Amino acid sequence: MKTLQALYGGTFDPVHYGHLKPVEVLANLIGLQRVIIMPNNVPPHRLQPEATSEQRKTMLELAIADKPLFRLDERELRRDTPSWTAQTLQAWREEQGPDAPLAFIIGQDSLLSFPSWYQYDTILNNSHLIVCRRPGYPLTMKEEVHQQWLEAHLTPHVDDLHTLPAGKIYLAETPWFDISATQIRQRLQNGQSCAEMLPEAVLRYIQQQGLYQKTDNDALKG
């Protein structure tokens, strides 16, 4: 029987403990042995990253160097087109074969906007969804048809993730770390400490590269 693998995508601009620690807890909760961490190149849903693809890749390499749970996948960084999750998961399924249990990790906020994603209704054909719960977010979808979709695929059974190749949504009780990449970038611009928010090696690299610093234009604005 093949082992459950999970994919975890994001901009990671920069990567921080709010990305890593909940997924490490999740791995212990549901028996995950491998999480493939995949930085986006051109994220379709948000502003473009401040750090280059190469810089974000290096920060991830530094962050996971001592964490055997994680493996870095650069496929989306090599694309010049938007990183559509549906297409990435379809390609991953073709590589892994029809029977391998595969999952995609998202936050609860992403679940609520999930029906707006490109070809969202194909994603569960290729993987499970593991949703990291977040306090303060509702668990109901805006549209009744999307709520029915959610309820049709929800499972309370971790075993389903391991024994079925795809098709289930599992709500995981993971810890919430009140850290965001936006907050880190703002603190760095203001010369404030971020030592508790991200791995030391990543912070050192940010400082070496002069990332997320005030520009001359910012200084002129006062």
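**Close-up views of a predicted model**

View 1. Asp121 has a relative accessible area of 52%, so it counts as exposed (over 50%; buried is under 20% and partly exposed is in between, using a 1.4 Å probe and protein chains only). Ala86 sits 35 residues from Asp121 along the chain, and the C-alpha atoms of the two are 8.7 Å apart.

A word on the model: it is predicted, so local features need pLDDT of at least 70 and side-chain atom pairs count only at pLDDT 80 or more, while totals for chains, interfaces and linings use all residues. Residues are numbered from 1 along each chain as its sequence is written, and side-chain values use heavy atoms, with hydrogens and water left out.

View 2. One of the pairs is Phe104 with Trp117, edge-to-face at 6.3 Å centre to centre and 75° between the planes. Phe104 belongs to strand 4 (residues 102-107) and Trp117 to the loop between helix 4 (108-113) and helix 5 (120-126), so the pair ties together parts 13 residues apart in sequence. Phe104 is buried at 7% relative accessibility, and Trp117 is buried at 14%.

**View 3. The ring cluster around Trp117.** Trp117 also pairs with Phe114, this time tilted, at 4.8 Å centre to centre and 45° between the planes. Both Phe114 and Trp117 are buried. Ring pairs join Phe104, Phe114, Trp117, Tyr120 and Trp149 into a cluster.

**View 4. Lys21 over the ring of Tyr17.** The charged end of Lys21 sits 4.6 Å from the centre of the Tyr17 ring. Sitting over a ring means that NZ of Lys or CZ of Arg is within 6 Å of the ring centre and within 35 degrees of the ring normal.

**View 5. Helix 2 packs against helix 9.** Helix 2 (residues 53-64) and helix 9 (residues 200-209) pack at about 150°, with axes 8 Å apart. That makes the two roughly antiparallel (an angle over 145 degrees). Contacts (heavy atoms within 4.5 Å) involve residues including Met59 and Leu62 of helix 2 and Val202 and Tyr205 of helix 9.

Note on methods. Phe/Tyr/Trp six-rings, centres within 6.5 Å; stacked < 30°, edge-to-face > 60°. Helix = DSSP H or I, 4+ residues; strand = E, 2+ residues; numbered from the N terminus. Axes fitted to C-alpha atoms, helices over the stretch in contact; angles between N-to-C directions. Parallel < 35°, antiparallel > 145°, perpendicular 65-115°, else oblique.
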